[in-house]
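Here's a quick tour of a protein model for someone new to reading structures. Have a look at the sequence and the fold, then follow the points below.

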Amino acid sequence: MDARQMKIDAAAEALRHVENGMRLGIGTGSTAEEFVRLLAERVAEGLAVRGVPTSERTARLCLELGVPLNSLDELPELDLTIDGADEVDSRLRLIKGGGGALLREKIVAAASRRMIVIADESKVVETLGRFPLPIEVNPFGLSATRIAIERVATQLGLSGDIVQRAHNDAPFRTDGGHFILDASFGLIPDAEALANELNTIPGVVEHGLFINLASYAIIAGQAGVRTMPRADNQETDTR
C-alpha cells in the first residue's frame with residue numbers, strides 16, 4: 001500500500017463520522033485534501049453539510065469540487081473538524097503547520113465540539129519533535145521574536161536551528177500575512193511547557209503544538225486502519 005492510499009483510507013474512515021446537516025471544519029494538507037475529494041462525492045450524492053475551510057488552498061479545492069462553504073464568522077460553532085497532522089503522539093498531542101495554516105487550523109479546531117485527526121502511520125511518534133515545530137510570527141520585530149524563542153527554548157533545555165520559511169526565494173507568508181519560523185528543537189519532552197512559554201511571547205501569533213484539541217486519531221497503515229483514542233480515554237469537547 002502506497003502513502004497516498006493510506007491517506008485515502010484514513011480519510012474514508014473519517015467520512016463515516018460526518019452526518020447530514022453538520023457544520024464541518026475542513027483541514028489543510030495532503031491527507032485533508034483526500035478527505036475533501038471523498039466528501040465532495042458524498043455531497044454530490046445528497047449529503048448536506050456546511051464547511052469552514054482552514055486555509056485558502058482548502059477553500060479553493062472545496063469550491064472546485066462543489067463542497068458548500070461558510071466563513072467561521074457565519075458558523076462560529078462547529079460540530080466536527082477533520083484535519084491532518086505532521087506528528088501525533090499517544091496523548092493526541094500534535095505538531096501541525098507544515099503547510100503554514102496552523103493559525104486558522106487551531107482557531108477552527110477550538111471552535112469545534114470534536115476534532116478527528118487523520119494520518120498515515122508515519123506520523124505517529126512516541127515523543128513530539130522529529131518534525132520541525134512551525135511558529136507563526138508577526139513580521140514586525142522578527143529578530144526580537146526569534147531571540148525570545150531561543151531564550152525560551154534554552155530555559156527548557158531545547159536547542160536547534162530556527163529557520164525562517166521561504167517560498168520562491170522570498171519569505172513565506174501565511175494566509176494571515178505572517179511569517180513562519182521552523183524550529184528544529186529535536187524531541188520535546190514537555191510539550192505543554194513549551195506551548196505555554198511560546199504563548200507569552202508577544203511576537204508569536206501562534207505555534208504548531210496542538211494540545212487537548214483532538215478527540216481521537218484515525219491512523220492508516222500497512223495492516224489497515226485503526227482508531228487511536230486519547231490516552232486519558234476522554235472524548236474532547238473543545239468549546
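Helices α1 and α2 cross in a right-handed way; a crossing is right-handed if the near helix is turned clockwise from the far one by less than a right angle, and left-handed if anticlockwise. Keep in mind that this is a predicted model, where local features need pLDDT of at least 70, side-chain atom pairs count only at pLDDT 80 or more, and totals for chains, interfaces and linings use all residues. Residues are numbered from 1 along each chain as its sequence is written, and side-chain values use heavy atoms, with hydrogens and water left out.

**The helix pair**

- Two packed helices are described by the angle between their axes and the distance between the axes.
- Here, α1 (residues 3-15) and α2 (residues 30-44) pack at an angle of about 50°, with their axes 8 Å apart.
- The axes are lines fitted to C-alpha atoms, for helices over the stretch in contact, and the angles run from 0 to 180 degrees between N-to-C directions.
- That makes α1 and α2 oblique to each other (under 35 degrees is roughly parallel, over 145 roughly antiparallel, 65 to 115 roughly perpendicular, and the rest oblique).
- On the α1 side the contact (heavy atoms within 4.5 Å) is made by R4, K7, I8, A11, A12, A14 and L15, while α2 brings S30, T31, E34, F35, R37, L38, L39 and R42.
- Sorted by class, this contact of α1 with α2 has eight nonpolar, two polar and five charged residues.
- For those classes, Ala, Val, Leu, Ile, Met, Phe, Trp, Tyr, Cys and Pro count as nonpolar, Asp, Glu, Lys and Arg as charged, and the others, Gly among them, as polar.
- Helices (H or I, at least four residues) and strands (E, at least two) are DSSP runs, numbered from the N terminus.

- Strands of a sheet pair through backbone hydrogen bonds, either parallel or antiparallel.
- Two strands pair if DSSP finds at least two bridges between them.
- In β11 (residues 179-183), five of the five residues are buried (buried is under 20% relative accessible area, exposed over 50%, partly exposed in between, with a 1.4 Å probe and protein chains only).
- F179, L181 and A183 point one way from β11, while I180 and D182 point the other way.
- β7 (residues 133-137) is joined to β11 by five bridges, and I135 stands opposite L181.
- β8 (residues 162-164) is joined to β11 by three bridges, and here Q164 is opposite L181.

- A three-stranded open sheet has the order β4-β5-β13 and antiparallel pairing.
- β4 (87-88) and β13 (209-210) each have a single partner strand, so one side of each has no neighbour in the sheet.
- Two bridges join β4 to β5 (residues 94-95), with E87 partnered by I95.
- Why is β3 largely enclosed by the rest of the structure? Six of the six residues of this strand (residues 78-83) are buried.
- β3 runs parallel to β1 (residues 23-26), joined by three bridges, and I26 stands opposite I82.
- β3 also pairs in the parallel sense with β6 (residues 112-120) over five bridges, where I116 is the bridge partner of I82.

**Two loop residues**

- Leaving out residues up to four places away in sequence, R165 touches G97, G98, G99, G100, P134, P171, F172, I180 and D182.
- N168 sits in the loop between β9 (166-167) and β10 (170-171) and is exposed, with a relative accessible area of 65%.
- From C-alpha to C-alpha, N168 and E41 are 34 Å apart in space, and they are 127 residues apart in sequence.
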